[in-house]
Amino acid sequence: MSKASDHEKIEQLRAEVRRHDELYYRQADPEISDFDYDALKRELADLEAANPELPLEASPTVAVGDDRVEGFASYRHLLPMQSLDNTYSEDEFVAFVARVEKGLEIEGARFTVEPKIDGVAVSVTYEKGEMVRAVTRGNGIEGDDVTANVRFIESLPQSLEGGNLPEVIEIRGEIFMRVEEFERLNAERSEAGLELFKNPRNLAAGTVKMLDRGEVAKRKLDIVLYGLGECQPAVVSSQAEYRKQLEAWGLPIVEKFWEVEGAAEAWAAVEELDQIRHDFAYPTDGAVVKLDSFRQQDMLGATSKAPRWAIAVKFAAEQAETILERITIQVGRTGTLTPVAELVPVQLAGTTVSRATLHNYEEMTRKDVRVGDTVIVEKAGEIIPAVVRVVREKRPEGSEPFVFPSECPACGTEVSKIEGEVAVRCLNIECPDQVRGRLEHYASRQCLDIEGLGEAVVDQLVRIGAVSNIADIYRLEYEQVVSLEKFAEKSARNLLAAIEASKAVELWRLLHGLGIPQVGASAAKDLAKAFGGVQELMDATLEQLVEVDGIGEKTASGIKAYFEDEKNAAIVKELFELGMNPEAPERLSEEDATLAGKTFVITGTLPTLKRNEAKALVESKGGKVAGSVSKKTDFLVAGEAAGSKLTKAESLGVAVIDEAKLLEMCS
Ligand SMILES: NC(=O)c1ccc[n+]([C@@H]2O[C@H](COP(=O)([O-])OP(=O)(O)OC[C@H]3O[C@@H](n4cnc5c(N)ncnc54)[C@H](O)[C@@H]3O)[C@@H](O)[C@H]2O)c1
Ligand SMILES: [Zn+2]
């Protein structure tokens, strides 16, 4: 290739990489897979290496992707937060080890191997053991101050436990979202007809950068800590020691960690990690291999972008190619039509996959997925298989665009596209698929948990016309049940007994089972606690609903709209007439709730109580425990070595008490 055309190509690739950086780091909504992105960047780096006359300053290959967005204050890291060089190959890994050993003039260097968490990088600063700040990586030099959002992370202690505390330390880690939480949020979105989040990483990244604190509070984030920035004075001298120290301070750390010597041992650990990583709480996309000794790390130093003493070995997201045989449309309990790809079975990440989601109407139309196409399926964030793209070159001749049905495949009602939603819906509330979906949801494990009322039984009951709504379940008679397929006297009696028993269910389960838009299990629990009864919930005003911790405006209006619908209200009324008698969560009597309305903050080491014991004590008396001191704090419970919180409480005039006083208040 000529120089001129090389230069042109480099410019083009730089622009392309910058565009993907913007989508990934700032908007948390990447368009291509990490594998494809890394390949693009590699191509650019290779071209740049072959054309050294072009200055590199302007290239994204020598800079850290910038995540800073509007709305957050910038904060300068004491020590820069770097990226990592990465590789997908064993050969390159072996070459890395050889470079390190040559640089140190030793053989058999000692390394640590740990999971590479696929989350959002963050630097948490503790001063004298008190958490004072959390900042994103930003451009590596300066990041966004996201302290307010990070304070919602329950697993992150506001103060460090134990001794050996430096004056100031920047602890680096990764904020992530657990798969269960990701699925919970997506289930709620799917019910609301909203576009689904693509994977836990993007969702965590988006959440860390939200300005709406109420929404952040509703999404549960988690954190794991592994890295070191500034530390004054130094308190540890190796990666392995550092991990032990993090644990002793009470911080969440990576669950598996290897200490190895030389390339072969290190690679064996990387492979072992790949085998077991799916059981970790967080999504992982590789292994990070680091030189153990801090002294040796310093000897090797870093480039502008990454340390020379560490490397990420990345695992490619598992994808497989197969043929799409048919497209079926499922109608969910809220009427959403979901297109599903029926595939020629293919092995993917250890399981046989024969169906994959095509997400929704808009997404599949945009991808122009057709029957007969060769498609790439991927386990997105290792969860549900999805069709990620069509291999256009393999499209058979004469294939036709898929015509999305204009009528509901279950009931024939014309489907509607609601403004602002990506899905189309069947709005017929009596649609048999929706009825089935609602009944299955109601009887399911996370709701009323009626044993014996599974998919197959619900299906039969709907088909013979025995039930058309959840109240009908309680009208079932022995004769009807015993005549179902595969039922005999005993199983029929058992089912009826399980149905009867479900009348005394915990209130939150009933609330979840009703299928109110946006109300998942956790919202149902919050509502049950706040209102104590279905009638009380029905009577609640919009203002009262939003006041409940964990309930946002959208959910609140969803609840109002649900109960304002006459059909829903009638069914709820029938349920109670048929004997529904849910058990309200225990509430403290006014006499016992002596600390109701009071907010406490706990800091330092208390003489006898652990922090969570003190918290439980306050809550048992109806009080609240918050993570940081503000004007709203009523009492600061201060123990040994209380740091900045004490100073802040004093400056705000907040009452400061000791453990003895707390015990007295709670007795
Ligand atoms: N799909 C896209 O469009 C797109 C765009 C930009 C970036 N990306 C992805 O992001 C990657 C580049 O991002 P990056 O610069 O954040 O680098 P990286 O994710 O490849 O590696 C560096 C980061 O890994 C994190 N990390 C996780 N576990 C760690 C551990 N145990 N020890 C040390 N660090 C750990 C740290 O935050 C560190 O900054 C690319 O490899 C690419 O896959 C994708
Ligand atoms: Zn229908």
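Predicted model: local features only at pLDDT ≥ 70, side-chain atom pairs only at ≥ 80, totals over all residues.
Colleague: What makes a residue part of the shell around ligand 1, and which are the closest?

Modeller: A residue counts if its C-beta atom, placed from the backbone, lies within 6 Å of the molecule. In this model 24 residues surround ligand 1, and Tyr24, Pro30, Asp34, Ser83 and Ala121 are the closest.

Colleague: Which elements give two or more residues to that shell, and which gives the most?

Modeller: Helix 1 (3-26), helix 2 (34-50), strand 3 (110-117) and strand 8 (222-232) each give two or more. Helix 1 gives the most, with four residues. At the level of domains, at least three residues come from each of domain 1 (3-50) and domain 2 (74-314).

Colleague: How do the residues of the shell divide by class?

Modeller: Twelve are nonpolar, six are polar and six are charged.

Colleague: How do you know which residues of helix 1 meet helix 2?

Modeller: Two residues are in contact if their C-beta atoms lie within 7 Å. On the side of helix 1, Asp6, Lys9, Ile10, Leu13, Arg14, Glu16, Val17 and His20 take part; on the side of helix 2, they meet Tyr37, Leu40, Lys41, Glu43, Leu44, Leu47 and Glu48. By class, this contact has seven nonpolar, one polar and seven charged residues.

Colleague: At what angle do helix 1 and helix 2 pack, and what is the hand of their crossing?

Modeller: The angle is about 145°, and the axes are 10 Å apart. The crossing of helix 1 and helix 2 is left-handed.

Colleague: Why are strand 2 and strand 9 called edge strands?

Modeller: Five strands form an open sheet in the order 2-11-10-3-9, with mixed pairing. Strand 2 (86-87) and strand 9 (258-261) each pair on one side only, and they are the edge strands.

Colleague: How do you know that strand 3 and strand 9 pair?

Modeller: Pairing asks for at least two bridges between two strands.

Colleague: Which helix lies across strand 2, strand 10 and strand 11?

Modeller: Helix 3 (residues 90-104) lies across strand 2, strand 10 (284-291) and strand 11 (310-314), and runs at about 175° to strand 11.

Colleague: What sets Glu105 apart in the loop between helix 3 and strand 3?

Modeller: Glu105 has a positive phi of about 55° although it is not a glycine.

Colleague: What kind of peptide bond joins Gln232 and Pro233, and where is Pro233?

Modeller: The bond is cis, with omega about -10°. Pro233 has its place in the loop between strand 8 and helix 8 (239-248).

Colleague: What is the strand order of the open sheet of four strands?

Modeller: The order is 20-19-21-22, with parallel pairing. Strand 20 (624-626) and strand 22 (655-657) are the edge strands, each pairing on one side only. From one strand to the next the twist averages 35°.

Colleague: What makes strand 21 and strand 22 a pair?

Modeller: Strand 21 (residues 635-638) and strand 22 share three bridges in the parallel sense; at least two are needed, so they pair. Leu636 has Val656 in strand 22 as its bridge partner.

Colleague: Which strands does helix 23 touch?

Modeller: Helix 23 (residues 644-652) packs on the sheet and touches strand 19 (599-603), strand 21 and strand 22. The direction of helix 23 makes about 145° with that of strand 21.

Terms used:
Residues numbered from 1 in each chain as written. Chains lettered and ligands numbered in written order. Axes fitted to C-alpha atoms, helices over the stretch in contact; angles between N-to-C directions. Nonpolar A, V, L, I, M, F, W, Y, C, P; charged D, E, K, R; others polar. Domains from an automatic or database assignment. Left-handed = near helix turned anticlockwise from the far one by under 90°.
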